[in-house]
Amino acid sequence: MAGVHSKGLEDYKVEFLQENLLAWYKTSGRRFYWRKKGLSQYQYIIAEVLLQRTKAETIAKFYPLFILEFPNWLSLANADLKAIEVFLKPIGLYTQRALRLQNLAREMVKRKGRLPRDRKDLESIPFMGQYIANAVELVIYNQPSPLVDVNMARVIERFFSPRKMADIRYDPYLQGLAYKIVNHQNARYINWAILDFAAIICQARKPKCVICLINNNCHYFKTIVNP
Ligand code: SF4
């Protein structure tokens, strides 16, 4: 009985989070070039590869120029590696990242730029990996594949309750909740809303709990900030 009750509460909180964060995103979300409508699949994928483990604001500084210089898979595949590295210097590990980008581009040229719809086929593309396959599903196909990083994990854990496992990729509780939250007709907007909310309000060191619009249902707020 207790399980049913907590399940109902969890579903209620998921809906509450979706509604409130979507409304918040409309007025307060960040506007990045790669979130525009009508970009090519190439442009969306390159953005996601660059965004992995790097602050969005850092990528925003050079992304439009990068796309101007390398507008499609073919130009990136044929580029001089050093020319790619010049752009990637601010984000660290730039040689590896440049190589990875170029190898992915070469693979996509071989495939004539076609992305498979099937998840297994998608993941089988060399240099793509699970995270980028999720990003393709979310951003290009608008499917509920959450991009769970430390920031999204922080918001979910504070709002619901802490995860059990150290590695966020393998924690079924966290992953399950992330999937539920993003399982919405506006899957990609919900995902972006959580990332922006994590960067602006539910910050790692100093969460702005007092002005937070969802604090009345937040586990962290009720147990730590205002017990
Ligand atoms: S109340 Fe605080 S901890 Fe909870 S979601 Fe808002 S900012 Fe994060």
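Ground rules first: I'm working on a predicted model, where local features need pLDDT of at least 70, side-chain atom pairs count only at pLDDT 80 or more, and totals for chains, interfaces and linings use all residues. Residues are numbered from 1 along each chain as its sequence is written, and side-chain values use heavy atoms, with hydrogens and water left out.

Domains. I took the bounds from an automatic or database domain assignment: domain 1 is 6-29 + 145-225, and domain 2 is 33-140. Their centres, over C-alpha atoms, are 27 Å apart.

Interface. I found 11 residues of domain 1 in contact (heavy atoms within 4.5 Å) with 10 residues of domain 2.

Salt bridge. I looked for a side-chain nitrogen of Lys or Arg within 4 Å of a carboxyl oxygen of Asp or Glu, and the count between the domains is one. I also noted that Arg35 forms a salt bridge with Asp196, with the closest N and O atoms 2.7 Å apart.
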